[in-house]
Amino acid sequence: MRPQHPETSQHMGHWGMFRAESADGEVTAVHPQETDRNPSPVLGNLVGSVTHRSRVKGPAVRRGWLERGPGPTDRRGSGEFVSVSWDELTELLAVELSRVIDRHGNQAIYGGSYGWASAGRFHHAQSQVHRFLNCIGGYTRSVHSYSLGATGVVMPHVLGAHWKMFSRSTSWDVIARKTELIVAFGGIPLKNTGINHGGTSDHPTASALDALRARGGKIVTISPLRNDLDGAARWMTPIPGTDVAMMLGLAHVLVSENLHDTAFLDRYCTGYARFEEYLLGVADGTPKTAEWASNICGVSTSEITDLAREMARRRTLITVTWSLQRTKSGEQAPWMGVTLASMLGQIGIPGGGFGHGYGSMNEPGLAPVPYPLPTLPQGSNPVKSFIPVAAVSDMLLHPGEEFDFDGQRLTYPDIRLVHWAGGNPFHHHQDLGRLRRALARPDTVVVHDPYWTPMAKHADIVVPSTTSLERSDISCTRNDPLLVAMHPAVPRFADARDDYDTFSALAERLGVGAHFTEGRTSGEWVEHLYAQWRGYLRGMNVDTPGFEEFWQLGSWRMATEDGLTLLEDYRGDPEKYPLRTPSGRIEIFSEAIEKFGYEDCIGHPAWYEPVEWLKGERAQQFPLHLIANQPRTRLHSQLDHGARSQASKVHGREPIRMHSKAASERGLHDGDVVRVFNDRGSCLAGVVVDEDMMPAVVQLATGAWYDPEDPADTGSMCVHGNPNVLTADVGTSSLSHGCTGQHVLVQIERFEGVVPPITAFDPPQFVERETIRRRLG
């Protein structure tokens, strides 16, 4: 589309803006944006990624599907593959899509793409597959995300919005200048702030926290892991999963000592009186005192009391990470965080109030762009069936079964074809043995992927996609000032194609080519999206360069709304700027949720005892609490084969951090390979002894590519260290069915015998075409 690639090509990834050096079709070096205050080291995974042995070289079909046709099978994940031509792949897939639609209807197609595939605005895999499926009559969709499944449902009931808490959160510059005390439930993990969906050109979190400290501001980090906050902070360690109990204890101190702001609660909130009845024990006979909280969470009564008093006398910002709602009853932590901040009466005051997601990614705290961004239209989906995204195994295993979701009674559709483009559910989803059994049920699984990920290996039809490094695109996000021209760094790898070209050919074969492409090539689409966006801005009297000038410049700085304070307008005039809740106010008690009648999520924030926690019955058998958090060395499972990710491995396995006490009790030392297990499954990992964690807590990051010792056995041990063979596939509650993969109880023992090899990055076995019978449907 553009002139020949320069020696170094400007590009944008979820982890930052950079220039890529390349030679012989491969990225050889990356250089972060010079103005980036704290570039992500994860950029190092890009070097050598384009031609890695795990790349999908060309179209492939699972041998059993090609021989016997579509149908349920337990061979997904272990079968041999056959190379086919692009014409054959297009024909096979077009025939199968037509068969499913004709016999079962479009609701039998699950458009399972799940984000993060590319930072580009046009080549975004999820947008491409959804646009295509809408052109052929629609699909069953998913709603919300694994990261924010609980928050995405409960917060609209409480604050009238979900996205606003992140995209219009209190700015880091305001926090650095005004906040006196940050109380960070879940910490503020800098490792997560390296990334933002859509790209990011600057990483300001570390410098903002340093500026706050230099001014005399204090930080309290509340987490079982000390490194959930870098730099000076007071570290408090409640038992994992008990943050809500601790918040209730803090709230009780505020009430009992008359430190709560009744004027704020009366004017800006609704339902506080109902919550206070629960807090004081009027409703259930159990006052949620600091002592009560201490008995649950393990933090001393005096520490809870002293912290509550300090919060009341300082300009205090209460933050809750996304990790706290990725557990059973995950709706409660953010809801209780809002309630606690409301009791302090500082919501809407610069430097005070509430924040959700600081340290969860590089969006909260960054100034938003005040106008829409270039977006590929996905069209209209006439199919009404949907699921919460973390219920995919339930859907596949239980077609026709009813379930509750946000006040609705829904039915799982009967899915016959899964069409996946972008994302790796073997990173996101829980209980991978169950997921594999679920993926055995559809007639056909289609996966677009640049790499032989675990999901690609479980496909019947594998579509080799290009990476963003091989494409032209434009990138921007709602909380970054730069619109960026993404220049390709290398030519297309082997026989890979852009997803757009694949879908264009399919759409043409199915008779909707003109509807899908609108007569444009991918390069023309990129220019078209820019021109549409430019025209919109010109209507707002915002002058932008023409496309050719923009492409040569490489980026254009957009306006941003600086100095924001979350809900400042609402505090200033709640009648003029009401919230989008039924009452127009902060709903500490939600009548709507109460009317749903869910026993596991009542009308106000409450403490629910977890199953997976150190004081429960399961801890007698599995006495270590594993935190399955996001990795430091990659984004989710992306580029796990990259140098940065591989350097963190121990004997090729994902590292598991253990306190010296837990390690010594089991005769373990740094560098040992161990078996981590419970009654759901097991995996191998490499020990790293670390004192900066609670003794009964271990930490094993998500994202190691699933690598079963026996690919034919759904219960086989993962030899690489994926914690999702251990986690429970249960939803947060009947309200949201959010992901609960953050916490799980385990036992650990030294692995005896010969350590199995890592095969996660090896392509599957292929057979020659002449050895099988051709089948084109």
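A charge sits over a ring if NZ of Lys or CZ of Arg is within 6 Å of the ring centre and within 35 degrees of the ring normal. This is a predicted model, in which local features need pLDDT of at least 70, side-chain atom pairs count only at pLDDT 80 or more, and totals for chains, interfaces and linings use all residues. Residues are numbered from 1 along each chain as its sequence is written, and side-chain values use heavy atoms, with hydrogens and water left out.

**View A. Arginine over aromatic rings.** Arg520 lies over the face of Trp525, 4.6 Å from the ring centre. The charged end of Arg131 sits over the ring of Phe516, at 5.6 Å from its centre.

**View B. The pair Phe386 and Phe405.** The whole structure holds 28 aromatic pairs (rings of Phe, Tyr and Trp, the latter by its six-membered ring, with centres within 6.5 Å; planes under 30 degrees apart are stacked, over 60 edge-to-face, the rest tilted). One of them, Phe386 with Phe405, is edge-to-face, at 5.9 Å centre to centre and 75° between the planes. Phe386 lies in strand E14 (residues 386–388) and Phe405 in strand E15 (residues 402–405), so the pair ties together parts 19 residues apart in sequence. Strands here are DSSP runs of E, at least two residues, and helices runs of H or I, at least four, numbered from the N terminus. Phe386 is buried, at 13% relative accessible area (buried means under 20%, exposed over 50%, partly exposed in between; 1.4 Å probe, protein chains only). Phe405 is also buried, at 4%.

**View C. The pair Tyr530 and Trp533.** These two rings form a tilted pair, 5.6 Å centre to centre with 55° between the planes. Tyr530 and Trp533 are 3 residues apart in helix H20 (residues 522–539), which means about one helical turn separates them.
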